[in-house]
Every structure is written in structure tokens, then in C-alpha cells.
Amino acid sequence: MTDYRLPAIETVPNLSTPERAAILDHLFEPSIPLHTLSVQLLHEKPFSTYQDMIASIGMQLTELSESTSTSDTEWLEKILDAHPRLGEKRVDSAQSRNEQAQLNAGGRTEELELKKLNDEYEKTFPNLKYVVFVNGRSRQEIMADMQSRIVRADIRAERPEAIKVIITMFESAPHRAVLILRSGYV
């Protein structure tokens with residue numbers, strides 16, 4: 001875990017573009033498409049709390065999800081694609097490495113099954129990766145959820161579910177929330 005500290009929420013609108021992008025990278029996953037979507041929001045709209053900021057970004061993602069525009073759908077998919085593939089050995093962000101650590105502790109058979117499910121999910125939902133809140137859930141439970149979403153095969157339901165998971169991960173994951181608590185800017 002990095003020693004990054006979130007700046008005081010009231011200072012966010014006055015920060016430089018790279019500083020606002022760094023906030024997004026630490027709270028979500030590093031994503032240039034998310035920067036393009038939300039960095040300006042962080043400049044234009046003052047927030048009382050980081051939770052309010054996260055909710056506003058969630059609304060932006062939801063608007064993309066509900067749009068009938070192909071370009072909006074493609075943009076959302078690029079943002080969701082920033083989340084690493086479930087069970088991958090090489091994960092770039094510290095947040096996801098911590099969340100996925102328990103998944104990489106299983107046996108080789110489960111590892112192969114998870115890879116197979118990832119492939120099947122990505123075939124069912126092109127341009128998406130399976131996104132789930134891992135913390136505290138068993139590999140079996142996660143694979144059962146993945147299988148049910150594959151069987152459901154409903155892309156119109158899958159995108160909003162991925163957004164909900166991403167927002168829930170931030171709100172619930174202790175190592176992400178600690179960024180806010182350590183900063184003292186709840």
C-alpha cells in the first residue's frame with residue numbers, strides 16, 4: 001500500500017489536472033478514459049465529502065451505461081476494462097492486488113477453472129471483464145456468481161452491475177477507505 005494521502009476535499013477543485021487524476025487512480029483503478037470523463041468534474045464541482053464525489057462519478061458512469069450512444073458504450077467499456085482480470089497473477093494496482101490476493105491462494109484446478117470462466121465471460125460480454133467485490137468472498141462463491149452472470153447473458157444488466165460493484169468496492173474496501181480516513185477528510 002502506498003503512502004498516498006488524499007488532499008482535503010475542499011482543495012480538489014483547485015488542484016492541477018494530474019493531481020485530480022491521481023485521486024481517481026487511487027480511489028478507482030488507473031484509467032485514462034476515467035480521467036477524461038471525471039477530472040473536469042472534480043475541477044468544476046465542489047464536494048463536501050469524498051463519498052459525495054464517488055457518488056457523482058457513479059452517476060456519470062450510470063449515464064454512460066444508460067445511453068443509447070455507441071460511443072458512450074465504448075467509453076464505459078474502456079473505463080470498466082481498467083479493472084484487472086479476476087485471478088490474474090500480474091495486477092498493477094495495489095488496491096486490486098490486495099483484493100485479489102485470496103484468489104491466488106487456491107489450487108491449480110481452481111486457477112484453471114477461474115481462467116476458463118474469465119474466457120467464457122469475456123466471450124459472452126465482449127469488451128468487458130468480470131468485476132466483483134472479492135474481499136471476504138471465497139473463490140467458489142465468486143466463480144458461482146461469475147457463472148450465473150454468464151448464463152444470464154444480459155449485457156444491459158451487466159454494465160450497471162459492473163458500475164455498482166466498482167462503487168461498492170470503493171465504499172466497502174477497507175484499504176481504499178483508509179485513504180480517506182488517513183487523510184482525515186471524510
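This is a predicted model: local features need pLDDT of at least 70, side-chain atom pairs count only at pLDDT 80 or more; totals for chains, interfaces and linings use all residues.
Residues are numbered from 1 along each chain as its sequence is written, and side-chain values use heavy atoms, with hydrogens and water left out.

Let's start with the overall layout. The chain has nine helices and zero strands, so reading along the sequence gives α-α-α-α-α-α-α-α-α; helices (H or I, at least four residues) and strands (E, at least two) are DSSP runs, numbered from the N terminus. Now take the contacts between residues at least 6 apart in sequence: 66% of them join residues at least 24 apart. Contact here means heavy atoms within 4.5 Å.

Next, look at how helices pack. Two packed helices are described by the angle between their axes and the distance between the axes. The axes are lines fitted to C-alpha atoms, for helices over the stretch in contact, and the angles run from 0 to 180 degrees between N-to-C directions. Find helix H3 (residues 50–66) and H4: their axes are 8 Å apart, and the packing angle is about 135°. That makes H3 oblique to H4, because angles under 35 degrees count as roughly parallel, over 145 as roughly antiparallel, 65 to 115 as roughly perpendicular and the rest as oblique. H3 passes H4 in a left-handed crossing, meaning that the near helix is turned anticlockwise from the far one by less than a right angle (clockwise would be right-handed). Which residues of H3 and H4 meet? From H3 come Leu61, Leu64 and Ser65, and from H4 come Asp72, Trp75, Leu76 and Ile79. Sorted by class, this contact has five nonpolar, one polar and one charged residues. Ala, Val, Leu, Ile, Met, Phe, Trp, Tyr, Cys and Pro count as nonpolar, Asp, Glu, Lys and Arg as charged, and the others, Gly among them, as polar.

Both of these helices hold a glutamate worth a look. Glu63 is in helix H3 and is exposed, with a relative accessible area of 56%. Glu77 sits in helix H4 (residues 70–80), and at 8% relative accessibility Glu77 counts as buried. Leaving aside neighbours within four places in sequence, Glu77 is in contact with Pro126, Asn127, Leu128 and Arg159.

Further along, helix H6 (residues 108–124) and helix H7 (residues 139–152) have axes that come within 10 Å and cross at roughly 25°. H6 and H7 are therefore roughly parallel to each other, and H6 passes H7 in a left-handed crossing. Among the H6 residues making the contact are Leu114, Leu117 and Tyr121, and the H7 side includes Met143, Met146 and Ile150. By class, the contact of H6 with H7 has six nonpolar, four polar and six charged residues.

A pair of aromatic rings is described by the distance of the centres and the angle of the planes. Rings of Phe, Tyr and Trp (its six-membered ring) pair if their centres lie within 6.5 Å; planes under 30 degrees apart count as stacked, over 60 as edge-to-face and the rest as tilted. How many aromatic pairs does a search of the whole structure find? There are two. The rings of Tyr121 and Phe125 have centres 4.8 Å apart and planes at 50°, so this pair is tilted. Tyr121 and Tyr130 have ring centres 5.5 Å apart and planes at 75°, so their pair is edge-to-face. Together, Tyr121, Phe125 and Tyr130 form one aromatic cluster. Tyr121 is buried at 0% relative accessibility, Phe125 is buried at 1%, and Tyr130 is buried too.

Finally, check two loops. Most residues other than glycine have a negative phi, and most peptide bonds are trans. Asn127, in the loop between H6 and H7, has a positive phi near 75° and is exposed, with a relative accessible area of 55%. Ala153 lies in the loop between H7 and helix H8 (155–172). Its phi is also positive, at about 50°, and at 46% relative accessibility Ala153 counts as partly exposed.

How values were computed:
Buried means under 20% relative accessible area, exposed over 50%, partly exposed in between (1.4 Å probe, protein chains only).
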